[in-house]
Amino acid sequence: MVVTALLDTGNRLYEPATKKPVSIGERDTLLALFPEEEEETEGFFLIPYHSIGGEGVLKGKLLPEMAAVLEDGREVPCPGGPFLIALKEGRISPNADCQLILHGDFAEYTASLKKRRRHRKGVP
């Protein structure tokens, strides 16, 4: 499954017991990865949050792996898995530009991808 993600350096949400960073995805979009019948079984996390818009609890699940698809079409595995994804009801973006908000910890990784791309083009 391929989704468009937004890197949110302000996303500092961590699951309290494991201290894993939490990315947030649209429940309806990611339903294939998170079947409802599995929601009450082992492997799901309840993740408390509070933000400007309110507070509550999100359900989340570990994904064993994720990859970034670069502008040139290459797929690059993301380091540090498994990845904890919380499911949000409704749209993340009003115009459906993205379906996943990446945790701020991904900033260093995406910066390294940009440097690698510039280096390949011969730009220091």
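Q: Which residue's side chain makes a polar contact with the side chain of Asn95 at 2.6 Å?
A: That partner is Ser93, where a polar contact is a pair of N or O atoms within 3.5 Å; within protein, one must be able to donate a hydrogen and the other to accept it, and residues adjacent in sequence count only if both atoms are side-chain atoms. Please keep in mind that this is a predicted model, in which local features need pLDDT of at least 70 and side-chain atom pairs count only at pLDDT 80 or more, while totals for chains, interfaces and linings use all residues. Residues are numbered from 1 along each chain as its sequence is written, and side-chain values use heavy atoms, with hydrogens and water left out.

Q: And where is Asn95 found?
A: Asn95 sits in the loop between strand 7 and strand 8, and its side chain also makes a polar contact with the side chain of Asp97, at 3.1 Å.

Q: OK, zooming out, how many helices and strands are there in the chain?
A: The chain has two helices and eight strands, which are DSSP runs numbered from the N terminus (helices are H or I with at least four residues, strands are E with at least two). Along the sequence they follow the pattern β-β-α-β-β-β-β-β-β-α.

Q: Is strand 2 buried or exposed?
A: Strand 2 is largely enclosed by the rest of the structure, because five of its five residues are buried, that is, under 20% relative accessible area, whereas exposed means over 50% and partly exposed lies in between (1.4 Å probe, protein chains only). Val22, Ile24 and Glu26 are buried on one side, and Ser23 and Gly25 are buried on the other.

Q: Which way does strand 2 pair with strand 7, parallel or antiparallel?
A: Those two pair in the parallel sense over five bridges, with Ser23 bridging to Ile85 in strand 7; for strands to count as paired, DSSP must find at least two bridges between them. Strand 2 and strand 8, in contrast, run antiparallel and are joined by two bridges, and Gly25 stands opposite Leu100 there.

Q: What about strand 3 and strand 4, what do they form?
A: They form a hairpin with two residues between the strands, and eight bridges join strand 3 (residues 44-51) to strand 4 (residues 54-63) in an antiparallel arrangement.

Q: New topic: which residues touch the most other members in the largest nonpolar core?
A: Among its 16 residues, these are Met66, Cys78, Ile85, Phe106, Tyr109 and Leu113; a nonpolar core is a set of buried Ala, Val, Leu, Ile, Met, Phe, Trp, Tyr and Cys residues joined through side-chain atoms within 4.5 Å. The elements giving two or more residues to this core are strand 7 (83-88), strand 8 (100-102) and helix 2 (106-120). There is also a second, separate core of 11 residues, which includes Phe45, Leu84, Ile92 and Ile101.

Q: What is Cys78 in contact with?
A: Leaving aside neighbours within four places in sequence, Cys78 is in contact (heavy atoms within 4.5 Å) with Met66, Ala67, Ala68, Phe83, Phe106 and Tyr109.

Q: How many disulfides does the count come to?
A: The count is zero, with a disulfide taken as a pair of cysteine sulfur atoms within 2.5 Å.

Q: Last one: which backbone oxygen does the side chain of Lys20 reach?
A: The side chain of Lys20 reaches the backbone oxygen of Pro82 at 3.1 Å, from a place in the loop between strand 1 (5-7) and strand 2 (22-26).
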